[in-house]
Amino acid sequence: MGWPFIGETISFFKPHRSDSIGPFLQQHVSRYGKVFKSNICGGKAIVSCDQELNIFILQNEGKLFTSDYPKAMHDILGEYSLLLVTGEVHRKLKNVIISFINLTKSKPEFLLCAENLSISMLESWKNCQEIEFHKEVKMFTLSVMVNQLMSIKAEDPARRYVLQDFLSYMKGFISLPIPLPGTAYTNAIKARKRLSARVMEMIKFRENKEEEMNKASRDEDFLDVIMSNEDLNYEEKVSIVLDILLGGFETSATLLSLVVYFLAKSPNLLQKLKEEHEAIRAKKGDGELLNWEDYQKMEFTQCVMSEALRCGNIVKTVHRKATHDIKFKEYVIPKGWKVFPIFTAVHLNSSLHENPFEFNPMRWNDKGKMNKKTTAFGGGVRVCPGGELGKLQIAFFIHHLVLSYRWKTKSDEMPIAHPYVEFKRGMLLEIDPTS
């Protein structure tokens, strides 16, 4: 169970390659089996690397288990974050976010925005030999989200301030809650306050009469929709905006970087992907933009994205707590114990996946079968609602990337779970325009 109070928390969260389960889980599974007890985040805990138990935990959210994140995340994310709220409040906020996703996905303006920003970013690289890819695509995905959510344009300098605050915000998630100047925890709380103030200022401005003229010169965005929802208080409205931005830009940028990382090591797969996009482009007029029908033709691209999620593991685990004494097969989980279902362990399980450490998109030809053996977007009532929206903008970016550039990663590059995924060298790419 480790040291008093801190238990095995430091070892459990110690950074490791995200395409592996890491030394801590390797050692514990080898010694104790796929389900073992520990002391993590200041309490007794069950760690599950078992597929059936993980699904049981996810499907019984709100019945036998509840969300249970550390104090630092509560302080940073705020009272109304979708990650933390439960019951009726969770249902209400999630429905608002789902309505944003459904509304955005069906808008031609979203496809146009994602593609134009992709083309613009790739154009900006034409005189570069090296780029910090992960940093660049974070700006791309954030630009798409702030445009659709709040009508902030690509040329608006506010984008960079928002990105910088979100990066500080992210670093605080895994920090110790030490309220001293300069700590990741304190910086994250300050960043959240600045982001909240920015959103609140925009809401207040739009409520003023003088905004009526400004609104006439732009299309309705989702902030207008949120503001018109009378069931939400100001804090809930701000929290929804921040949740959509965080989920929409961070995970999408990470998946895009993982796709590029794995393809750099698999030239045959990259060529197959390029051929799919050349076939789509061959049927388009010169300069003609992509549409929904083109996206549906990107079948191998879908397989590549799904395999990058399985191998790269954007989300390692979630934090839950047992609300009752629970019996599952031969295990008893006592009431009040923390529970950590490990998604990575299932994704890299050799009894579920042949050659699990091999990047092989073809295994996704049987998508229905693979979906039952992976939980890249979580599950149950807290399944990530924005997966398809993220894949859509990534597919459009990949289309133009593979037709415009060749690339190489640094030899020592690797994705690292912090537990959120970063890259050892920031995905520094050597790029070369295609002829």
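The model is predicted: local features need pLDDT of at least 70, side-chain atom pairs count only at pLDDT 80 or more, and totals for chains, interfaces and linings use all residues. Residues are numbered from 1 along each chain as its sequence is written, and side-chain values use heavy atoms, with hydrogens and water left out. Helices (H or I, at least four residues) and strands (E, at least two) are DSSP runs, numbered from the N terminus.

**Five-strand sheet**
- Five strands form an open sheet in the order S2-S3-S9-S6-S4, with mixed pairing. Two strands pair if DSSP finds at least two bridges between them.
- Strands S2 (35-40) and S4 (65-67) stand at the edges with a single partner strand each, so one side of each has no neighbour in the sheet.
- On average, neighbouring strands of this sheet are turned by 35 degrees against each other, direction ignored. Axes are lines fitted to C-alpha atoms, for helices over the stretch in contact, and angles run from 0 to 180 degrees between N-to-C directions.
- Three bridges pair S4 with strand S6 (residues 320-322) in the antiparallel sense. Ser67 has Arg320 in S6 as its bridge partner.
- Helix H2 (residues 22-32) lies across S2 and strand S3 (43-48), at about 130 degrees to S2.

**Three-strand sheet**
- The order of this open sheet is S1-S11-S12, with antiparallel pairing.
- Strands S1 (16-17) and S12 (421-423) are the edge strands, and each pairs on one side only.
- Strand S11 (residues 415-417) and S12 run antiparallel and are joined by three bridges. Ala417 stands opposite Val421 in S12.
- Helix H12 lies across S1, S11 and S12, running at about 50 degrees to S12.

**Helix H5**
- H5 (residues 87-105) has 19 residues, which should span 27 Å at 1.5 Å a residue; its end C-alpha atoms are 27 Å apart, which agrees. The expected span is 1.5 Å times one less than the number of residues.
- Its buried residues are His90, Leu93, Lys94, Val96, Ile97, Phe100, Ile101 and Thr104. They cover an arc of only 150 degrees around the axis, which puts them on the same side of H5.
- Buried means under 20% relative accessible area, exposed over 50%, and partly exposed in between (1.4 Å probe, protein chains only). The arc is that of the directions from the helix axis to the C-beta atoms.
- Glu88 and Asn95 are exposed on the other side of H5.
- The cover over the buried residues of H5 includes H6 (108-123), H7 (133-150), H11 (222-227), H12 (234-264) and H18. Contact means heavy atoms within 4.5 Å.

**Helix H13**
- The buried residues of H13 are Leu269, Leu270, Leu273, Glu276, His277 and Ile280. They fall within an arc of 120 degrees seen down the axis, so they line one face of H13.
- Pro267, Asn268 and Ala282 are exposed on the other side of H13.
- The buried residues of H13 pack against H12, H14 (292-297), H15 (299-312), H18 and strand S10 (405-409).

**Single residues**
- Cys384 sits in the loop between helices H17 (367-371) and H18 (387-404). Its relative accessibility is 38%, so Cys384 counts as partly exposed.
- His400 is in helix H18 and, at 12% relative accessibility, counts as buried.
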